[in-house]
Amino acid sequence: MAQAESVAMARDQWNLAEVTRRLEEAGLVVFDSGRVVHRDGLQREGRLLTVSGAPVEIYIYDNAAERRADMATLDTVPDRRVVLGAPPPPRFIITNNLIAVLLTRNELLVERASNALLARHLGG
């Protein structure tokens, strides 16, 4: 385990390497585009990953309090009606200092990614 990963685990803090590792351990294919992304309602810039073919925005904060403050006005329950030709609604995974935004209609992928990222804080 790399030093950055072990420090993140000891502090119970996410970093990009730990997010990638957890998703890959869940059997998902992760590609880091290296692109910076921005989401309305968040001040922090994120990183765009592709996870098993779906775009996933990753926002990592210094701590959970900073994450909570930044997302105070973020609508995490968007309209889920299916509109032909419209992009999929964002699906949020929020834990400790991490916000992951999945942009997919694939419910199995959402479940697998959620399980991978939430299990760490549920005793996994």
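This report walks through the sheet, the helices, the cores and the salt bridges of the structure above.

Keep in mind that you're looking at a predicted model. Across the protein chain the pLDDT averages 87, and 82% of the residues score at least 70. Residues 4–10 are another story: there the pLDDT is below 50, although this stretch has 13 contacts in the model beyond near neighbours in sequence.

Let's start with the strands. Five of them make an open sheet, in the order E1-E2-E3-E5-E4, with antiparallel pairing. Strand E1 (30–37) and strand E4 (91–95) sit at the edges with a single partner strand each, so one side of each has no neighbour in the sheet. On average, neighbouring strands are turned by 25 degrees against each other, direction ignored.

Zoom in on one pair: E3 (residues 54–60) and E5 (residues 98–102) run antiparallel and are joined over five bridges. Here Glu57 stands opposite Val101 in E5.

Helix H2 (residues 16–25) lies across E1, strand E2 (46–51), E3 and E5, and runs at about 15 degrees to E2. Helix H4 (residues 107–118) lies across E2, E3, E4 and E5, at about 10 degrees to E4.

**What's packed inside**

Which residues touch the most other members of the largest nonpolar core? Out of its 19 residues, they are Val19, Leu23, Val51, Ile58, Ala100, Leu102 and Leu117. H2, E2, E3, E5 and H4 are the elements that give two or more residues to this core, and H4 has the largest share, with five residues. There's also a second, separate core of ten residues, including Leu42, Leu74, Phe92 and Val101.

Take Ala100 as an example. Apart from its neighbours within four places in sequence, Ala100 is in contact with Val56, Glu57, Ile58, Arg91, Phe92, Ile93 and Leu117.

Leu109, which lies in helix H4, is worth a look too. Is Leu109 buried or exposed? Its relative accessibility is 7%, and buried means under 20%, so Leu109 counts as buried. Setting aside neighbours within four places in sequence, Leu109 is in contact with Leu28, Val51, Ser52, Ala54, Leu102 and Thr104. Leu109 and Gly53 are 56 residues apart along the chain, yet their C-alpha atoms are separated by 9.6 Å.

**Charged pairs**

Side chains of opposite charge can pair when their charged atoms come close. The model has six salt bridges, and the table shows some of them.

| Salt bridge | Closest N to O |
|---|---|
| Glu66 and Arg44 | 2.2 Å |
| Glu107 and Arg91 | 2.7 Å |

Glu25 and Arg21 both belong to helix H2, four residues apart, or about one turn of the helix. Glu25 is exposed, with a relative accessible area of 54%, while Arg21 counts as buried at 19%.

Glu66 counts as partly exposed at 25% relative accessibility, and Arg44 counts as partly exposed at 27%.

Glu107 in helix H4 and Arg91 in strand E4 also link distant parts of the chain, 16 residues apart. Glu107 is partly exposed at 46%, whereas Arg91 is buried at 17%. Finally, salt bridges with shared partners join Glu18, Arg21 and Glu25 into one network.

Methods. Residues are numbered from 1 along each chain as its sequence is written. This is a predicted model: local features need pLDDT of at least 70, side-chain atom pairs count only at pLDDT 80 or more; totals for chains, interfaces and linings use all residues. Side-chain values use heavy atoms; hydrogens and water are left out. Two strands pair if DSSP finds at least two bridges between them. Axes are lines fitted to C-alpha atoms, for helices over the stretch in contact, and angles run from 0 to 180 degrees between N-to-C directions. Contact means heavy atoms within 4.5 Å. A nonpolar core is a set of buried Ala, Val, Leu, Ile, Met, Phe, Trp, Tyr and Cys residues joined through side-chain atoms within 4.5 Å. Buried means under 20% relative accessible area, exposed over 50%, partly exposed in between (1.4 Å probe, protein chains only). pLDDT is the predictor's confidence in each residue, from 0 to 100. A salt bridge is a side-chain nitrogen of Lys or Arg within 4 Å of a carboxyl oxygen of Asp or Glu.
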